[in-house]
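User: Could you walk me through how this fold is put together? I would like to go through it step by step.

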Amino acid sequence: LTVQRVSGEVVFEETVSARASVRRLKQALADATGISPAAQRLLLEGSAPLEDSDCLEDQGVDSGVVLTLVQLPPPLLRRLENSRSSLQSLTSKDQADKVSRQRALEPIQQLRLTEAAASVPVM
């Protein structure tokens, strides 16, 4: 089994049992690369990430296969990205709420203009 980074750099090349779990492979990769299992995503030929609880064989991984290792950003960076995304969502929601309030007030403003026009004496 060969594991390489997206760049093509081979980081792991070992004989692994097809019945081994993805979790066990990730632990071996952590020992070899220093990347924690939680930060690893293993892709088989561009497919969805392999599930930790499944065995390699069940995921279609057999001898001669090359897996791609994608390293997730550190949790702090991920939280920052989530915070930015949440802030952008709130900003968009606030803008939408402001437009909704303005639209809701339009009939009232129109009524006030009509009342003001009616109270102006005609000469």
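Analyst: Happy to! In this model, α1 lies across β1 (2–5), β2, β3 and β4, and runs at about 115° to β3. Helices (H or I, at least four residues) and strands (E, at least two) are DSSP runs numbered from the N terminus; axes are lines fitted to C-alpha atoms, for helices over the stretch in contact (heavy atoms within 4.5 Å), with angles from 0 to 180 degrees between N-to-C directions. This is a predicted model, where local features need pLDDT of at least 70, side-chain atom pairs count only at pLDDT 80 or more, and totals for chains, interfaces and linings use all residues. Residues are numbered from 1 along each chain as its sequence is written, and side-chain values use heavy atoms, leaving out hydrogens and water.

User: Which strands stand at the edges of the sheet?

Analyst: The open sheet has 4 strands with mixed pairing, in the order β2-β1-β4-β3; two strands pair if DSSP finds at least two bridges between them. One side of each edge strand is left without a neighbour in the sheet, because each has a single partner strand: these are β2 and β3.

User: Over how many bridges do β3 and β4 pair?

Analyst: Leu-44 stands opposite Leu-67 in β4. The sense of the β3 and β4 pairing is antiparallel, and the count of bridges is 5.

User: Which residues does Leu-50 touch, beyond four places away in sequence?

Analyst: Leu-50 is among the residues of the largest nonpolar core that touch the most other members. Leaving out residues up to four places away in sequence, Leu-50 touches Val-22, Leu-42, Leu-44, Gln-59, Val-61 and Leu-67. A nonpolar core is a set of buried (under 20% relative accessible area, 1.4 Å probe, protein chains only) Ala, Val, Leu, Ile, Met, Phe, Trp, Tyr and Cys residues joined through side-chain atoms within 4.5 Å.

How values were computed
Buried means under 20% relative accessible area, exposed over 50%, partly exposed in between (1.4 Å probe, protein chains only).
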